[in-house]
Every structure is written in C-alpha cells, then in structure tokens.
2 protein chains.
Amino acid sequence: MTTPDQVLDHLSRTTEQILGRDDLRERLASGTPLRIKFGVDCTAPDLHLGHAVNLWMMRCLQDLGHVIVFLLGDTTTRVGDPTGRTSTRPVLTTDQIERNAQAFLDQVSLVLRKDREVLEIRRNSEWYASMPITDVISELSLVTHSQLMARDMFQKRVEEGREIAMHELIYPVLQGFDSVALHSDLTIVGSDQLFNESMGRELQAKHSQRPQTVITSTITPGLDGGPKQSKSLGNYVGLAQTAEDKFGRLMTLNDDLVGVWARAYTELPPVDVDDLGRRAALGGVDARNAKLDLAEAIVARHHGASEAGHTRRGFLEVFSERGLPARMPHVDVPRQATVLQLVNAARPELTRSAARRLIAEGGVRINGVKRLDSEEPVSIGAQDVLQAGRRQWFMLAVHDS
Amino acid sequence: MTTPDQVLDHLSRTTEQILGRDDLRERLASGTPLRIKFGVDCTAPDLHLGHAVNLWMMRCLQDLGHVIVFLLGDTTTRVGDPTGRTSTRPVLTTDQIERNAQAFLDQVSLVLRKDREVLEIRRNSEWYASMPITDVISELSLVTHSQLMARDMFQKRVEEGREIAMHELIYPVLQGFDSVALHSDLTIVGSDQLFNESMGRELQAKHSQRPQTVITSTITPGLDGGPKQSKSLGNYVGLAQTAEDKFGRLMTLNDDLVGVWARAYTELPPVDVDDLGRRAALGGVDARNAKLDLAEAIVARHHGASEAGHTRRGFLEVFSERGLPARMPHVDVPRQATVLQLVNAARPELTRSAARRLIAEGGVRINGVKRLDSEEPVSIGAQDVLQAGRRQWFMLAVHDS
C-alpha cells in the first residue's frame, strides 16, 4: 500500500506550491477516495506537454482509486476567465464551447483513465443554468471587493489604467463556487489559477465544507527556452500529436533544457534525470544522444515503450548516414521562423507560391515531421534538418541577429 | 393644454438636478404617455412628507396622463441597496419583503392615482426570477469596475477601510437594468439614488434605448431642523398618519423652517410661501398663526380642504382658552426626549411603570396627539403642550443643555 507521504512525495516532483498539505495528507490517510476537481474553461483545446504535467499527477491519483471530476466550465467559459489577459476578452458562443469541450475531453483522455469509477464528467451548467439570481447574489455577498481586488492581475490592470469589466471581477467567485458544488477535496492547477482556487477554499469554508487542497504545478520552459510552451510560438509538443511528431519536436529542444524536461515530463528516477542533463551539457553527439533518450522516454510515457522504440528507430533511419546524404548544405536561418521562411531560405529559386504549394502537398519536413502549414512558426534548435522536396535535405544553422 | 416647459417649471419647485432635461422636454412634447419608473426597495415602508415630494411630482404627471410604473424591487431588495449604509446590511426574508411591499403600496396610494391607465404595478422578480446567470453576467460585462467604484459612497468606504461586499458593488447594475426592462422614460428619486439611476441610463444606452431622464428632488430638513425627516429621530410627519396627528406634528415645526416647508410640501403660490416665512420670522403669535396656516395647507393637500379645516378647528379647541387651563405649569425638558421622559419630567410623583401604563392606556397627548409608545422619541418645539392624565396639562419649555 502507498502511504500518504509516498503520494505527496511523488507529486512533489512537479509541485510548486500546496495550500492545505495537512488536509491532503489526512484525506489520503482516510481511505475514502478523493474528489479531485479538474476544471477546464473550454477555450484552449490544444493541450501540450506542459498541460499534461497536471494530467499525469491526476493519473497517478486515479491509479490509487481517487476520482477525477472533470468539470467542463460551460457556463463560466461564457464569462471569460480574465486570468493572464491584460484586456477584456470576448465571450464564446454555445457552439464554440461545445466543440472545445469535446476536443478537451478527447485530449484529456490521452492521459487520464476513462473508467467511470475514476473519471466523473460534469458541467457547471448543472448548477449555474438553473441558479436563481438571488443565489448568485448570496454567493457574492460572501466575498468582498477588497478580497477580489487583491489579485495581482487586477492590481496590474488598475496600475496600468486598464479597465476591469465586472464579469471579470466576479469570475473567481463563480469558479470558486464550482468547488462547493462538487465537494472538491483537491485540485491541481497552474500557478495562475491559485487565486481562483483559493476563492474556492474561502467559499467552501463559508459553506461549512472542508476546503479543498490546491496544488500548483511547476511551469517548464518551452522547447526554445521561452517562458513556457505555447502554440502561437511554435515551441511546444502537442499532446494529440503522433508519436513521430512528438519525437521530431522533442529533438529540437534546447540542450540546456534536457534535464529540466526529463524531470517534468518523464518518470525517470532522479539519477537518470541528472545523467541526461550531464550528457546534454557536453554538447555534440552526447547531447544528441541524451535528447534521443529523453524523446524516447517521453514518447514511451504517452504511447508506450514499444511505439517509442519504433519511433526512435524511424527517426534515426531518416537522420542516420543511411537516410540522409553524407553532406548536406547548411542554411543560415533565424532562431524563429515560419515554415515558409525556412523553405524560402533553403530554396530561394522557388517562388513564394511554389514554396507554399510544396508545403501544402506534404513535401516539407523538419526533423522528419511533415509540416503542412506555411505560416506555422518553428523554433530552430541545433542540428535540425529541413527536407524541402523529394530528395533535398538542408542542415539548419541558427544565426543570431 | 400644458406645455412641456410648464410641466418642467412646475416640477422645478422641488427639483434639485435633472439628467436629460432636453430628452424629457422632447418626450413631453411627443404626446406619447411617459413611463415613469418608481422603484422602491421594500425595506422602509414608513413614508413621511419627505418621501411624498416625489409622489406629488409623479401625481402631477399622472394627472397629465403619464404612467407611473410602481416597481417593487422584490429581487433587488434581497440584495440590499448599500446606499446610505456605511456597513453591510442584512438580507431580508421573502415574508418581510412581501409585508413591506404591501405596506408600501398602501401608503403610496395615499398620493398616487390608482387607475390602471396611470399606475402599473410591477415587481423586478418578473425578469430576475428567471434570468439565467449568463444574462446576469452579460449585463455585468457592460459595466466596468472603475465605473462602479467611482461612486462616492464606495470611495468613502474604501477610505475608511470598511469592506464592500460584492453583492453591494453590483447593486447599481441590477437597479439600472430595471430601467431597461421597463423601458423607463423618467424616474424621480432622492439625490442618493442619482448614481444607481445614472447606471440605468448607461445600460439603456448599451441596449439601444433612449436613456431615461433622472430627476433628483430637493431634501428638506426635519421638523426640528435636523438634516431630514427620520422616524428614528421622531422629527417627521408620517404619510399614513391621521389628519389630526399630522396637524399636531406640524405645529412642532421650527419657526425658521415654515417657509421652506411651505415651498416643499404645499402647492401654495410663491407669494403665499414668502408671506408664511415672513410671518414665522416675527415669532410669537404671528409664527403660531403662520404655522396653523401651513399645517392646514399641508393637511388639505393630503386629506382635502374640508377635513383640514375641521382638524384646524379641533386643534384650536384643545389649545384655545376654552380647552386648556388659563395657566399651565411649565416643565423644563430637553429638545429631544422620549414620551416616557416627558411624562416623568412633568409628573415626577408617578413611578416609571405607572407612567408607562398611563401612556399605554392613551392618557398622554402632545399637542393633542395621542402618544402610545413610551419609547417614541419626540422633538420639542415652541409652545408644545403635554397632557399627562385626564385633566393635567403642562407647557413644555426647552432648556438647551
């Protein structure tokens, strides 16, 4: 049997902060399955490895018999969480929300167990759709203006003279009430959700519930060393990507992040994590091999060891002496470029429209991963290989400018 | 036919401020009956002459064919309007609200016409009871935090380090939306409601409605010269009081307020108002006679000329040489006292419980008005007469201490 301290220890690998640690220990010791709120706002359905950190922590708890309450915030999504937004954002339509919700569930299922015993799917419209305004008001009466304005994000807006719309100000109360409605015992979130989930603790206490424990997870830099993975920066590994695509993208990781990624995104023991970091620091072939090991470990976690091994071999076939020409032309490129810019740089003889056509028809790969979107941003790492046309390979060399 | 400018001129007698004067003039000129929102919050059912100022302005508009939409804020009352409160106030129960609502309607009907053509009775639960939270949120999204915090009352609370509960902060939005729901053309309110009703104008504009005109009415000091009439200070004339009680209380008015009260609470022409003020300034019998005329005019407005004349004669019978002893003992009393304190001062030989019994049994009158509540506060004016027992009269003399 796993002890509460063993569980906490396991979670600590990717934990930044815990509010209510003792509560969590006691709850784990009680033998009653925990209800773990996993609220999503249905607006960002493209999950990447960064999001998966929380999912894997939850998966670990599922494996111990605890219940993930996957909460689609179909009502609160209409409000628009102001988190991370410096300006007011538009409200989504019902159709958009439904599409996003399904996409979210599909992606979440790539990590979480779907057995009904450990995955409960809920929507906050269950309580919000029929909630009389007097009840809404009653919840609002439990919270003060200064409590909400204490949030750093709101303070920042005020300092910058930017407006806070009133629906944004009350958002944390609505999200907090979800924890009351679900009797949440625990929630695992990004640190930017700490305020909203603390509000959940407040409201639970006002409703005579034991407040949920809040775990915030560590944030790991993106492939290129940017503050975090982001689709718009192209420095991410998508959760829904194929094993081959994941592997290819992982091979573009900055050498100095290999150790950090190994710790955040694999379950390798600390000694192996340290070893990967050490080898990556050596650069050259050592770094490349460390990255191959890391990519295989991450892909194995998501797709199984067998497929990971197969993917590694496939990758090496293309990039080994067998698959690639002995000597490739080097092309100077900036660290950040779109797929089209890379093709233009490598094959200046093509017109822009010919280059676009080549991309759209699947003739362009980066590290063996097909790229179909001319405008997709790519962050270039060491030894990245561009294939632009049937037998034309180029070694990309980053020039800092 | 009455021209718009004649109407505006008439209303100006008790108008402090108008937002949207030109709109009102155009609406009056259009020939379409105006919809005049009269929102009440069901918490203060004891109306006095101060409240009646707005009612008489509305009555004037009813007489011209415009419609008063009497809005019982049965939902917003549960929220609790923070206006005039420096601390958060408790939320009322449904029963209390219903009782207060009926009492309000009864009292309002003492001034307003009740014909269905010119009095529409509505409750804001009509739109709020079934309003989905997403609509509430949508209204909130139309308003910013800084707009609401601009309210002086909220600023004051912040300065004093007092909390603002969130349901209080959003109150103006809820009250404002009432104007949208009712398609209000005009509302006549106390100046403390200016902010809330301006929010109504904002929301109407966002909903593509022509914003309502907001008239704030003048505030007139209480009988004793306090800032305004107030039940808890005992310096008021109640709307639901009998003609006799009104008359008696009016006779306690400070001499220097006779002109001001004549302007606010009667329809006497300016020349007569000035004359009353001039006579009151002379003091003595002149002041007393001026006050008799004022009391008769006010009672006439509420109960008709015939009853007012009858009441005046009744009052004089008690207080004339015929009804009262030629010489009465003087009793020194403070300007503010409870009924019990007055009786104790006049008849020190009675025990407190005997005095209470005397009051409860109807043996105590002030200026001929029976006082049944020992703890009722009384503000003493010049020449007030206390009857404490069957044939025992006392002339009250205020000592300032």
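# Group meeting: two chains, two sheets and a two-fold axis

His183(B) sits in a loop of chain B, the one between α11 (171–182) and β5 (186–190). Phi of His183(B) is near 50°, which is a positive value in a residue other than glycine. Most residues other than glycine have a negative phi. Is His183(B) buried, partly exposed or exposed? With a relative accessible area of 48%, His183(B) is partly exposed; the cut-off for exposed is over 50%.

Before going on, a word on what we have: this is a predicted model. The predictor assigns the complex an ipTM of 0.75 and a pTM of 0.77. For chain A the mean pLDDT is 89, with 93% of the residues at 70 or more. Within chain A, confidence is lowest in helix α4 (residues 76–79), where the mean is 72. Confidence in chain A is highest in strand β6 (residues 213–217), at 97.

Ser208(A) belongs to the loop between α12 (194–206) and β6 of chain A. Its relative accessible area is 70%, and Ser208(A) is therefore exposed.

Next, how the copies are arranged. Chain B is superposed on chain A by a rotation of 180° with 0.0 Å of shift along the axis, and the RMSD is 0.1 Å. The two copies are thus related as by a two-fold rotation axis. Which residue of chain B comes closest to that axis? Ile133(B) does, with its C-alpha at 3.4 Å. As for the interface, 100% of the interface residues of chain B are interface residues in chain A too, so the copies meet through the same surface.

Now the six-stranded sheet, taken in chain B. The sheet is open, pairs in a mixed fashion, and has the strand order β1-β6-β5-β2-β3-β4. At its edges stand β1 (15–19) and β4 (119–123) of chain B; each has a single partner strand, so one side of each lacks a neighbour in the sheet. On average, neighbouring strands here are turned by 25° against each other, direction ignored. Helix α11(B) packs on this sheet and touches β2 (35–40), β3 (67–72) and β4 of chain B. The direction of α11(B) makes about 145° with that of β2(B). Inside the sheet, β5(B) pairs with β6(B) (residues 213–217) in the parallel sense, over five bridges.

In chain A I looked at strand β5 (residues 186–190). Five of its five residues are buried, so β5(A) is largely enclosed by the rest of the structure. Strand β2 (residues 35–40) of chain A pairs with β5(A) in the parallel sense over two bridges, and Ile36(A) is opposite Leu186(A). β5(A) also pairs with β6(A), again in the parallel sense, over five bridges; there Val189(A) is opposite Thr216(A).

The other sheet I have is in chain A. Five strands make an open sheet in the order β7-β13-β12-β9-β10, with mixed pairing. Here β7 (330–333) and β10 (369–370) of chain A are at the edges with a single partner strand each, so one side of each is left without a neighbour in the sheet. β7(A) runs parallel to strand β13 (residues 393–398) of chain A, and four bridges join the two. Val333(A) has Val398(A) as its bridge partner in β13(A). Helix α18 (residues 339–346) of chain A packs on this sheet and touches β7, β9 (364–366), β12 (385–388) and β13 of chain A. Its direction is at about 135° to that of β7(A).

For helix α18 (residues 339–346) of chain B I have the burial pattern. The buried residues are Val339(B), Leu340(B), Leu342(B), Val343(B) and Ala346(B). They span an arc of only 160° around the axis, which puts them on the same side of α18(B).

Last, His399(B), in the segment after β13 (393–398) of chain B. His399(B) counts as partly exposed, at 29% relative accessibility. What does His399(B) contact, leaving aside neighbours within four places in sequence? The contacts are Asp332(B), Val333(B), Pro334(B) and Arg335(B). From Asp23(B), 376 residues apart along the chain, His399(B) is separated by 53 Å between C-alpha atoms.

Conventions: Residues are numbered from 1 along each chain as its sequence is written. Chains are lettered from A and ligands numbered from 1 in the order in which they are written. This is a predicted model: local features need pLDDT of at least 70, side-chain atom pairs count only at pLDDT 80 or more; totals for chains, interfaces and linings use all residues. Side-chain values use heavy atoms; hydrogens and water are left out. Buried means under 20% relative accessible area, exposed over 50%, partly exposed in between (1.4 Å probe, protein chains only). The arc is that of the directions from the helix axis to the C-beta atoms. Two strands pair if DSSP finds at least two bridges between them. Contact means heavy atoms within 4.5 Å. Axes are lines fitted to C-alpha atoms, for helices over the stretch in contact, and angles run from 0 to 180 degrees between N-to-C directions. pLDDT is the predictor's confidence in each residue, from 0 to 100. Copies are superposed by least squares on the C-alpha atoms of residues with pLDDT of at least 70 in both.
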